[in-house]
Amino acid sequence: MKRKRILTQFLLYFLMLMFLIVAGCSSGGSDDDDDDQNQQGPTVSISGTVTDAAGNPISGVVMSIGISFEVANITLWEGAIQSTLASPIITNDTGSFSFPFPIALLDKYTVVLTPAKKGYTFSPSDRRIPVQTTNITGQNFTATAVSAFI
C-alpha cells in the first residue's frame, strides 16, 4: 500500500513539473513576436528650430513630446510618450531638432511639443501638431533669456 502511494505521488509531482515546464516555455504567440516588437511601422519626421529673437540658434533645449487623443474636438487623453522611439530630443548646435514619429491607426491624434531649458522662456510655450502621413517641418520656437526664475 505504501509503495503504491509513493508511486502515485511521484507520478503526480512529475505531471505537475511537466505542466510547469510546458507553461513556462509557451509564449502564447507565434515565433515572430520579437520581430513584431522591433518594427515600429511607418513613421513621419517632425522637425524645427529654436532661436532667440535675433535668429541665433539655441542649443541644448529639451523638446518634451506628448500625445493628445481627440474625438469630435474633445480631448480624451493627453500624456507623455514612453518609447525608445521618443527618447529625449535635444536641439543641436544649430538649434535644430528632428525626431521620427509613428503614424498611428487612430483617426485623430495630436503631437504636443514643449521646449524647456533653464534660464529661458519660449514662444509659443508649446505646439500642437496634427499628425499626417508626410514629414512635418517648420515647428519653430523663439527663446527669450530670463534673469530670474519664478
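**Close-up views of a predicted model**

**View 1. Surroundings of Leu 113.** Beyond its neighbours within four places in sequence, Leu 113 is in contact with Ile 46, Met 63, Ser 64, Ile 65, Phe 97, Phe 99, Asp 126, Arg 127, Ile 129, Gln 139 and Phe 141. The model shown here, as in the other views, is predicted.

**View 2. The largest nonpolar core.** This core has 20 residues. Leu 113 is among those with the most contacts inside the core, together with Val 50, Phe 99 and Phe 101. Two or more residues come from each of these elements: strand E1 (43-52), strand E2 (62-71), strand E5 (96-102), strand E6 (109-116) and strand E9 (141-145). In soluble globular proteins, nonpolar side chains tend to be buried together.

**View 3. An open sheet of four strands.** The strands follow the order E5-E1-E9-E7, and their pairing is mixed. E5 and strand E7 (120-123) are at the edges; each has a single partner strand, so one side of each lacks a neighbour in the sheet. From one strand to the next, the twist averages 30°.

**View 4. The pairing of E1 and E9.** These two strands pair in the parallel sense, over three bridges. Asp 52 has Ala 143, in E9, as its bridge partner.

**View 5. Ser 147, in the segment after E9.** Is Ser 147 buried or exposed? Ser 147 is exposed, because its relative accessible area is 81% and the cut-off for exposed is over 50%. Gly 119 is 28 residues from Ser 147 along the chain, and the C-alpha atoms of the two are separated by 6.8 Å.

Technical notes:
Residues numbered from 1 in each chain as written. Predicted model: local features only at pLDDT ≥ 70, side-chain atom pairs only at ≥ 80, totals over all residues. Heavy atoms only, no water. Core = buried A, V, L, I, M, F, W, Y, C linked by side-chain atoms within 4.5 Å. Buried < 20%, exposed > 50% of the residue type's maximum accessible area, 1.4 Å probe, protein only. Contact = heavy atoms within 4.5 Å. Pairing = 2+ DSSP bridges. Axes fitted to C-alpha atoms, helices over the stretch in contact; angles between N-to-C directions.
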